[in-house]
Amino acid sequence: EMDRYLRGRGKKDDPEVALMYTGNQAYVHYRKGSVVMYALQDYIGEQNLNAALQDFVSAVAYQEPPYTTTLDAMTYLRSATPDSLQYLLSDMFEQITLYNNKIDAATYELVSDSSYTVTVDFSIEKLLADSTGIETIIAHQDYIDLAIYGDDDKILHQERRLFDRAEESVSFHLLEKPVSVAVDPNYLLVDRNPKDNSFDL
């Protein structure tokens with residue numbers, strides 16, 4: 001692992017490495033890094049993340065050489081992350097993981113004078129990229145948010161759902177008329193084409 005870390009400290013035009021190994025690639029550690037930290041905060045809770053970071057800083061403050069690295073920080077993040085979400089640390093920090101999440105279709109019908117049934121067809125694709133940009137589709141068993149909106153972007157339904165198939169159809173019962181649906185509505189995951197994450201009804 002240390003060899004991978006040292007390779008990440010090369011020139012900014014070097015092949016991309018995973019976030020925890022990056023050195024001089026600002027577009028990775030600043031741009032992707034901020035997205036990842038906000039996503040982790042959302043998944044494990046702000047209080048848990050802050051506590052882990054505080055414990056890490058307290059442990060390494062005023063440290064003499066050899067100085068701490070992200071390899072050490074990961075130990076604290078792992079301790080704050082539930083077993084069911086440990087995969088996020090690998091996906092977000094240790095690998096270059098991408099998603100191609102999409103809503104293929106969505107319909108609704110009025111089932112009574114005051115309720116609606118919404119059916120949404122999802123496509124969920126998870127990819128692993130190497131430093132040259134070659135992407136490989138991999139199996140997934142991931143928690144991904146979905147939301148249904150009414151007028152004025154009012155949230156009618158929102159949940160974090162476990163997806164483990166490439167295609168899935170889900171139905172919901174609502175008391176208000178839906179206007180649009182979205183998968184990963186807050187863009188917590190690095191998606192190849194976030195424009196197809198939402199669908200107007």
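Predicted model: local features only at pLDDT ≥ 70, side-chain atom pairs only at ≥ 80, totals over all residues.

Trainee: Is Asp145 buried or exposed?

Mentor: Buried means under 20% relative accessible area. Asp145 has 4% relative accessibility, so Asp145 counts as buried.

Trainee: Which side chain makes a polar contact of 2.6 Å with that of Asp145?

Mentor: Look at Arg160, one of the residues that Asp145 touches. Arg160 also lies over the face of Tyr43, at 4.0 Å from the ring centre. The side chain that joins Asp145 in the 2.6 Å polar contact is that of Arg160.

Trainee: How many aromatic pairs does the structure hold?

Mentor: One of them is formed by Phe56 and Tyr76, tilted, with 5.6 Å centre to centre and 55° between the planes. Phe56 lies in helix α3 and Tyr76 in helix α4, so this pair ties together parts that are 20 residues apart in sequence. Phe56 is buried at 14%, whereas Tyr76 is partly exposed at 26%. In total, the number of aromatic pairs is three.

Trainee: What kind of pair do the rings of Phe122 and Phe163 form?

Mentor: Phe122 is in strand β3 and Phe163 in strand β7, 41 residues apart. Both Phe122 and Phe163 are buried. Their ring centres are 5.4 Å apart and their planes are at 65°, so the pair is edge-to-face.

Note on methods
Residues numbered from 1 in each chain as written. Heavy atoms only, no water. Buried < 20%, exposed > 50% of the residue type's maximum accessible area, 1.4 Å probe, protein only. Polar contact = N/O pair within 3.5 Å; in protein donor to acceptor, adjacent residues only side chain to side chain. Contact = heavy atoms within 4.5 Å. Phe/Tyr/Trp six-rings, centres within 6.5 Å; stacked < 30°, edge-to-face > 60°. Helix = DSSP H or I, 4+ residues; strand = E, 2+ residues; numbered from the N terminus. Lys NZ or Arg CZ within 6 Å of the ring centre and 35° of its normal. Lists of a residue's contacts leave out its neighbours within four places in sequence.
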